[in-house]
Amino acid sequence: MSHTAVEQTGNPLGYRPVGKLLLSFSVPSIISCLVNSIYNIVDQIFIGQGVGYLGNAATTVAFPVMTIVMAFATLIGSGGSAYAAIKLGEKQGKEAKLTLNNLLTLSVAVGVVITVLGLLFLEPILSVFGATDAVMPYAKDYTSIILLGVPFSILSVSLSNMARTDGSPRLSMYGILIGAVLNTVLDPIYIFTLGWGVKGAALATITSQLLSAVILLVYFWKRGHMRFDRRAMKPVGRVVGKTLTLGASSGITQVVACIMQVVMNNSLVYYGNLSPVGGEVALSAMGIVMKIAMILGSVCIGIGIGSQPILGFNYGAQHNLRIRKTYLLAVVSATIAILAGWVFCQTCPNLILQLFGGGGDTFNEFAVRCMRVYLGGIFCAGFQIVSTNYFQATGQPFKASVLSMLRQLLLLIPLLLLLPVFFGLDGILYAGPAADIGSAVIVFLFVVPEMKKLGRRIELEQAGKAAAAPPVPESAERTF
């Protein structure tokens, strides 16, 4: 049997064409990432049409609350699924099942605590997150209902992670997708038909999250390889500790995003009130732009996540040429995708903003400027996101951690604090492209030596294959 034939009896990650692999792995990831973003986008579109820019400002103020919830959900979900996957690989099915059941208990407990604390201290929290006197009533209406759905939100995210570990990635995607579709259907009914305004948008969101959670709960009660068992739901220190340890990096990333949002919201209100634009207008406009950035970033994140198993397998198998092909194809694909979005934002900002309703001439002018300037460097994001995933997939966690925090924690937050001192409200807008381009340059400095090192490995790999090839018979040489 030839070497190629032997190779193709193994894992297809090692021999199937890289382009087909990347497509098949990236599409579900992109859909899942986009659907997660759509929850907030849909609310903001319908609130903008039905309530106006103050309603949109309220969702911007509430967004850090939702980010905190996501931080705990990813902390529990990614950590629990990682630990369960390890135990399944070690053929310790009982420990994996115990992890699932502990994850259920932990998700509900943390969700209830966040709900209670959030409702008790709602107004001070919203003030810290940037709510002005005009925005506060809308923000309280929206956030108080969102907080009631926190246990369902954490459950849907954490169980979605576990469904992938259990061998059902499509169920994970469908659970989130069905919830997003329901949210899109309920928003106009609750906001316009029933006249519930921002409360209606929040009710649509938590109803959708409840449905997603129920779908996943039923799966693990009835069909999952791992199943719920009341006797295994009592928290075990060993399992909870491993879950929180393995999920820490994902949770920290979300916490950093929350800190950035709080800093930005307060800066927008403060410097917006010092300008003719006004704090509420600045807050609302930037909220829309941040949601657009989230959509564009979701595509790149999906491509990066899709590339990880291909990179990881071939790194373990020392197929260096396939590693380089996968990385370069992922970078090119992500860059093309986000470049298309960047061009659209630069050339047709008004078309995008019309989806979110009007807010007067001042709002429209600032929102257009905000989209063009703040997103001016986002075309670099595809390269940065895929490169960060590359270092994570190839067993370089320190580099991956540094690069994952680079844009928001190390560059954007300091720039948001520094530039407005000199440029006022415009300084907040300039912080976006400065952080995007600056982080891309730093990532490039990490990638260049990595690609050189990979190139040397490819040369050694090819030289080894040439040396191992059987010698050509002398008669065959004469033939040529």
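## A charge over a ring

In this predicted model, the charged end of K291 lies over the ring of F63, at 4.4 Å from the ring centre.

## Aromatic pairs

A pair of aromatic rings is described by two values, the distance of the centres and the angle of the planes. Counting rings whose centres lie within 6.5 Å as pairs, the model has eleven aromatic pairs.

One of the pairs is F46 with F192, with ring centres 6.2 Å apart. The planes of F46 and F192 meet at 70°, so this pair is edge-to-face, as angles over 60 degrees count as edge-to-face. F46 belongs to helix α2 (residues 18-50) and F192 to helix α8 (residues 169-193). The two residues are 146 residues apart, and their pair links distant parts of the chain.

A tilted pair is formed by Y190 and W196. The centres of these two rings are 5.2 Å apart, with 40° between the planes.

## Buried or partly exposed

Buried means under 20% relative accessible area. F46 has a relative accessible area of 19%, so F46 is buried.

W196 counts as partly exposed, with a relative accessibility of 41%.

## A cluster of rings

Y219, F220, W221 and F228 form a cluster. Ring pairs link these four residues.

How values were computed: Residues are numbered from 1 along each chain as its sequence is written. This is a predicted model: local features need pLDDT of at least 70, side-chain atom pairs count only at pLDDT 80 or more; totals for chains, interfaces and linings use all residues. Side-chain values use heavy atoms; hydrogens and water are left out. Rings of Phe, Tyr and Trp (its six-membered ring) pair if their centres lie within 6.5 Å; planes under 30 degrees apart count as stacked, over 60 as edge-to-face and the rest as tilted. Helices (H or I, at least four residues) and strands (E, at least two) are DSSP runs, numbered from the N terminus. Buried means under 20% relative accessible area, exposed over 50%, partly exposed in between (1.4 Å probe, protein chains only). A charge sits over a ring if NZ of Lys or CZ of Arg is within 6 Å of the ring centre and within 35 degrees of the ring normal.
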